[in-house]
2 protein chains.
Amino acid sequence: MARVTCPVLGRRIATAEEAAAHIRPGDSVGISGFTGAGFPKAVPQALARRIGEAHARGEEFRIGLWSGASTGPSVDGALAEVHGLDKRLPYSSDPALRRLINSGEVDYVDAHLSHSAQQAWFGFYGPLDVAVVEVAAILPNGLLVPGTSVGNNKTWLDRAEKVILEVNRWLPRDLEGFHDVYYGAAVPPHRIPIQLTHPLQRIGDPYLRVDPAKVVAVVETDAPDRNSPLDAPDDSSRAMAELLVDFLRHEVRAGRMPPGLLPLQSGVGSTPNAVMEGLLHAEFEGLTSFTEVIQDGLLDLLDAGKLASLSATSFGLSPAGQQRFLDNVGSYKGRILLRSQEISNHPELVRRLGVIAINGMIEADVYGNVNSSHVMGSAIMNGIGGSGDFARNAYLNFFVSDSLAKGGLISSIVPMVSHVDHTEHDVHVLITEQGLADLRGLSPSDRADRVIAHCAHPDYRDRLRDYVDRARAARPEARHTPHLLEEALGWHAAYLRDGRM
Amino acid sequence: MARVTCPVLGRRIATAEEAAAHIRPGDSVGISGFTGAGFPKAVPQALARRIGEAHARGEEFRIGLWSGASTGPSVDGALAEVHGLDKRLPYSSDPALRRLINSGEVDYVDAHLSHSAQQAWFGFYGPLDVAVVEVAAILPNGLLVPGTSVGNNKTWLDRAEKVILEVNRWLPRDLEGFHDVYYGAAVPPHRIPIQLTHPLQRIGDPYLRVDPAKVVAVVETDAPDRNSPLDAPDDSSRAMAELLVDFLRHEVRAGRMPPGLLPLQSGVGSTPNAVMEGLLHAEFEGLTSFTEVIQDGLLDLLDAGKLASLSATSFGLSPAGQQRFLDNVGSYKGRILLRSQEISNHPELVRRLGVIAINGMIEADVYGNVNSSHVMGSAIMNGIGGSGDFARNAYLNFFVSDSLAKGGLISSIVPMVSHVDHTEHDVHVLITEQGLADLRGLSPSDRADRVIAHCAHPDYRDRLRDYVDRARAARPEARHTPHLLEEALGWHAAYLRDGRM
């Protein structure tokens, strides 16, 4: 069955090379893609070849690349390899690109994922020259059936001067009906309330719109998303998941949570996924999810009938999970909605729905500040992603990490984090395989006692306690958040110097 | 004219001492009050006397005190003096209490002001035993005419087991009609959209409600709010105000802002107030404000016909400003609405309306992280207040400070802030008397160049540049946010050691 049935846009079918020729040096290019799902499969590679050839001729050719979130090696990796990027936003997880960002070659604007679309509209990033967006089909009337992620696609299609569409035959044609694209967004002072009160409520259209006059090329592809195998939960992930599920049970018993909980958000990774596995074997029924990414664990909960409704902006499945989804697409329709990331992560909706937010972290300090993005203060890992959107506005948030990294050379609980993404005001519960620290309603000093006792690894516990004790003693007139500024980042400095904290 | 005309509640009239006798050791007490307006004038002092007497008898007597925000010396100061507090939230600015918090005697929970009411509902702080709320009148049907601030009054009245009302004859009876108390708030999963699309739109009631069965005492008072004289803007404040107003002009010309701007929020202090003075002499017409506190500058803009509508949770006027308001109460009615702080600061509304947020800071680092709350990392100054509610969700935010403090011994621009309240992701524009750094859409490294060039004082500029240069050189593989962890907090440590940065 033809995927491009619009007579107007059908006339723009082109090769990836012809399409990539529309992108000029210095352009800002907005692409589809979120967590390895829904990124364009052909044009970025053709562009990378073109850039490589230009560089071989001694010509300058770099672009700014805007996405939903992370893509795949054929996008960020290929463009990094040819040194084709000078700016990247709002999120990336590609190792090759990470090296270039950390070398200072690529300017990286790490933004809250709910902010990126509106900041583009507000003019923070300048004009958008080209959008390259993957879709599942183009309908006779020119409407677009979105793919496996929505991300910032609506915004890029609306804002770009020129549009390149990739129509990917690999995507199930049955994706039609899985999307809810909100077209009520506006720039202040024209904004109105977003009338969503349930994760599965439709507030938009199943299709993306594009002005056909802007479409310079339609490229047909047949290529899979990047699906990374999920690590099976290890003992540590399972321990953290168990602590978290037990805590939810405790909150229900205390009357602070309904028996079916509140909409779940879980970050990407094996621990959040293990939490979903934990919920699979728990007593909770009629669960809902208002999240960014659909990992395998959420599919399991849907299959088991535990999860009634699931709102996200993207899939992030393992190869096995993806196959399961593809084999049963029809059965998931009506239980999953994919939305723009400005909606999936919207502070208004996260706070209204009362989301339970579960996110990984790199490190936390004894006072409850969390670092999600930087290694030893200076090098970016991936970025803040949606963790701030969810944590700040959540009913209840959890940050999870092993208490140790690098085989014990690094403690994830430190005197002071080397970079702050989530401040002490925004962190409710910390979990490591050692235990859980409920920090709600505590002063910094009380938080320190609890974090050290419950979350720090025994190998580091005494030194943390000693740090706090000496900080309290050193400045009796400054004990709200006791610190020894000459030592506060000493553990990180020691790691850089000696290879261990 | 009688202020208590409800026959049921009229029978509960009592002295402050009789009322204070309802408060037991260990109680959590929720009081009215925000920025020195609307706090109870009699019961806290009677309570302080009672606590002092109990201590003199060798008895334990301390309470937890929850407010809207800051109060006055007769509340925080008096209770601090008798060592009557063991917990305080979510904001305070009293110097005597600050000393006790920083000595470690009082646990202080510094929270986003939009979060405090919902965190009480969610059970973060435990049960609320007593509410002590000042009102302007009690109507025959038992409804309460609120006073000069709304703050968390609705929540305390709803949540407390016992209620003490103070009816203050000093408050103009004409305050009736100035309030909009939203009763649509709920706990998830029962929340619905807040249907507000304009600062002056009414979405609630002009009155507070209370269950008469809970009211244990009604105390009549006749005492003024605490109104602090405002410093006249100095050259530095005027310079910053001018930079900010010029920048808004520039944004309007660039088409990024409507000619009447967007709703203004301004923090408390002489620089934000000077900005309002700057707007008084600028060409903008039809301004609106969606803010926390009404300072004199906003009254000036109203009087001049420049400001069309003003939403806040509290007054924060100088004695002269207060007199002007009292003398002309009627003329302001219909142009000012006071709301609960969970509404005045609500992320949903701040983002929807596209607020322009103007807040002071203690220090910023070259990468754009802002410290609003801590002095040299450990000692609390006041708290984060509403700055996070507004900055994170603003259309455009500004953080302002002199580039120097303590006569030049301290630089407000540092290599790394000693405490983070607003992360690099949340800060748009920094202003000092030296200049303005527009950080929107920049990578950390680009931000550093701009902050140093435009905001740092010349006396510190070379050392900052040197720090960043050496950090870039030290770890060529970690240049996203270049830091030297052994030196990053060295300026603060030097100040503590040597009395100068």
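**View 1. Two cysteines in the predicted model, C6(A) and C455(B).** C6(A) is buried, its relative accessible area being 7%, and C455(B) is likewise buried, with a relative accessible area of 0%. The model shown in this and the following views is a predicted one. Over all chains the structure holds 0 disulfides.

**View 2. Domain 1 and domain 2 of chain A.** The domain assignment divides chain A into domain 1, covering 7-221, and domain 2, covering 235-498. To their contact domain 1 of chain A brings 49 residues and domain 2 of chain A brings 51 residues. The centres of these two domains, taken over C-alpha atoms, are separated by 29 Å.

**View 3. The area buried between the two domains of chain A.** Between domain 1 and domain 2 of chain A an area of about 3900 Å² is buried, and carbon and sulfur atoms give 60% of this area. On the side of domain 1 of chain A, the residues F178(A), P199(A) and L200(A) together supply 20% of the area that this domain buries against domain 2 of chain A, which is more than any other three residues supply.

**View 4. Polar pairs and contributing elements between the domains of chain A.** Across the interface of domain 1 and domain 2 of chain A there are 2 salt bridges, while the residue pairs in polar contact between these domains number 27. The elements that give two or more residues to the side of domain 1 of chain A touching domain 2 of chain A are helix 5 (95-103), helix 6 (116-122), helix 7 (153-159) and strand 8 (179-180) of chain A. Helix 5 of chain A gives the most to that side, with 3 residues.

**View 5. The side chains of K333(A) and D174(A).** These two side chains meet in a salt bridge, with an N to O distance of 3.6 Å.

Methods. Residues are numbered from 1 along each chain as its sequence is written. Chains are lettered from A and ligands numbered from 1 in the order in which they are written. This is a predicted model: local features need pLDDT of at least 70, side-chain atom pairs count only at pLDDT 80 or more; totals for chains, interfaces and linings use all residues. Side-chain values use heavy atoms; hydrogens and water are left out. A disulfide is a pair of cysteine sulfur atoms within 2.5 Å. Buried means under 20% relative accessible area, exposed over 50%, partly exposed in between (1.4 Å probe, protein chains only). Domain bounds come from an automatic or database domain assignment. Contact means heavy atoms within 4.5 Å. Buried area is the accessible area (1.4 Å probe) that two parts lose on being put together, summed over both. A salt bridge is a side-chain nitrogen of Lys or Arg within 4 Å of a carboxyl oxygen of Asp or Glu. A polar contact is a pair of N or O atoms within 3.5 Å; within protein, one must be able to donate a hydrogen and the other to accept it, and residues adjacent in sequence count only if both atoms are side-chain atoms. Helices (H or I, at least four residues) and strands (E, at least two) are DSSP runs, numbered from the N terminus.
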